[in-house]
Every structure is written in structure tokens, then in C-alpha cells.
Amino acid sequence: YMAELSGADPALDLAVLKIRDGGRFPYLELERSGEPKVGDFALAVGYPFGFRQTFTSGIVSALNAGINIEGHRYEKLIQTDAAINQGNSGGPLLDLNGRVIGINTAIISPSGAFAGLGFAIPASEVGRVLPDLIAGRKVKRGWIGVSLAALDPVMTARLGLKTDSGAIVNAVAKGSPAYG
């Protein structure tokens with residue numbers, strides 16, 4: 001099919017293509033009702049190494065993973081041990097009900113092939129930017145310029161707090177709106 005770029009979000013490494021055919025195509029639903037949990041089963045779909053439509057299975061092994069790829073930092077990713085190889089990028093990461101919980105985007109691999117760590121953009125993040133990408137608008141994000149650390153029981157005790165939920169500002173970026 002012939003397609004054109006509708007919109008792209010470099011921060012998520014995500015693009016939406018508009019197929020020129022004009023026909024109706026089958027599609028999968030984005031899971032919007034909740035985030036996957038560590039230990040949930042996951043299926044990665046793609047075309048690795050030129051093979052047609054492969055499915056691999058595994059579990060969600062971590063949430064909110066961050067990785068550096070070619071000098072760019074990606075955050076809030078789903079980490080999975082479902083095999084994601086070169087050619088799986090852009091394919092869906094599915095739950096066992098066939099709903100899209102993420103978009104396969106990256107691997108960590110010394111050899112270029114699956115080494116047990118794959119990453120997907122969460123459906124919740126895709127859902128936030130999708131209307132702008134479909135409409136061809138630039139995605140805009142707010143930026144305060146702080147780095148947060150989630151409160152844990154050790155920090156709560158050390159700081160003498162009465163709650164263990166929330167976050168602590170642990171850094172302020174120089175020149176940011178929060179820098180003062």
C-alpha cells in the first residue's frame with residue numbers, strides 16, 4: 001500500500017502513517033482501561049529478519065523502564081522477555097485478550113538479536129499522542145525541569161514522613177522553569 005506520514009513523535013520514537021487506499025482495514029484496540037502489571041503475559045508481533053508475521057510470548061518483566069539508544073533517552077517503557085528482534089519495531093505488544101498494551105520499539109542486545117530484554121511504548125503513552133499524530137499536529141509536552149524519585153519506605157522513615165506515597169524532587173535542571 002502507498003502511505004504518507006501523518007505525524008511523528010521523536011520523543012516516543014513513534015510515527016503514524018496514512019494509507020492512501022481509502023479502504024477499511026482490520027485493526028487492534030489500544031488497551032486504555034489499565035496498565036499491564038509485572039508478571040502479565042505478553043505477545044510480541046512483528047516481521048523479524050524478514051520472516052512473515054511472527055508471534056513470541058513472554059511476560060511483562062518491568063514497567064517504567066528507561067534506556068539510552070543512540071544518545072537519546074527513552075522513559076516509561078514496558079520491559080518484556082517476549083522475543084523482540086530487529087524488524088519487530090512498530091508491531092504490537094498484546095495482552096492475552098488481543099488488546100495492544102504497547103508498541104514494540106527496542107531491544108538491548110550485544111549481538112543484535114534477542115537477548116532477553118525487549119521494550120515497548122505503553123498503550124497509555126501512545127493514546128495520549130495519537131489524536132495529534134493522526135491530525136498531523138506536533139505533539140506538545142509540558143516541562144517543569146525537575147527530576148522526581150518515588151517515595152519508598154526507606155525515604156519515608158529517613159525523612160520522618162507519615163506517608164509512603166508521593167515523590168521527592170531530587171534534581172532541578174539548570175535554566176528550566178523550576179530553576180530559580
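Trainee: Is Glu 4 buried, partly exposed or exposed?
Mentor: Glu 4 is partly exposed, with a relative accessible area of 37%. Buried means under 20% relative accessible area, exposed over 50%, and partly exposed in between, using a 1.4 Å probe and protein chains only. Please note that this is a predicted model, in which local features need pLDDT of at least 70 and side-chain atom pairs count only at pLDDT 80 or more, while totals for chains, interfaces and linings use all residues. Residues are numbered from 1 along each chain as its sequence is written, and side-chain values use heavy atoms, with hydrogens and water left out.

Trainee: Which side chain meets that of Glu 4 in a salt bridge?
Mentor: That of Arg 20, at 3.4 Å from N to O. A salt bridge is a side-chain nitrogen of Lys or Arg within 4 Å of a carboxyl oxygen of Asp or Glu. Glu 4 lies in strand β1 and Arg 20 in the loop between β2 and β3, so the pair ties together parts that are 16 residues apart in sequence. Helices (H or I, at least four residues) and strands (E, at least two) are DSSP runs, numbered from the N terminus.

Trainee: And is Arg 20 buried or exposed?
Mentor: Arg 20 counts as exposed, at 52% relative accessibility.

Trainee: How many salt bridges are there by this rule?
Mentor: The count comes to 8. In one of them, Arg 99 pairs with Glu 31, and the closest N and O atoms are 2.3 Å apart. That pair links distant parts of the chain, with Arg 99 in the loop between β6 and β7 and Glu 31 in the loop between β2 and β3, 68 residues apart. Arg 99 is partly exposed at 32%, whereas Glu 31 is buried at 9%. Glu 31, Asp 95 and Arg 99 are linked in a network of salt bridges.

Trainee: Let us change topic. Which strands make up the closed barrel?
Mentor: The barrel has 6 strands in the order β3-β4-β5-β8-β7-β6, with antiparallel pairing. Two strands pair if DSSP finds at least two bridges between them. For example, β3 (residues 41-46) and β4 (residues 54-69) are joined by 6 bridges, and Val 45 has Phe 55 in β4 as its bridge partner.

Trainee: What about β4 and β5?
Mentor: Strand β4 and strand β5 (residues 72-80) run antiparallel, joined by 6 bridges. Their hairpin has 2 residues between the strands, and Glu 70 there takes a positive phi near 50°.

Trainee: Where is the kink in α1?
Mentor: The kink, of about 45°, lies at Val 129, shortly before the proline Pro 131. The bend at a residue is the angle between axes fitted to the seven residues ending there and the seven starting there.

Trainee: Which residues of α1 are buried?
Mentor: They are Ala 123, Glu 125, Val 126, Gly 127, Val 129 and Leu 133. What covers them includes β1 (3-9), β2 (14-19), β5, β7 and β8.

Trainee: Which side chain forms a salt bridge with Glu 125?
Mentor: The side chain of Lys 76 does so, at 4.0 Å from N to O. This pair links Lys 76 in strand β5 to Glu 125 in helix α1, 49 residues apart. Lys 76 is partly exposed, with a relative accessible area of 45%, while Glu 125 counts as buried at 12%.

How values were computed:
Contact means heavy atoms within 4.5 Å.
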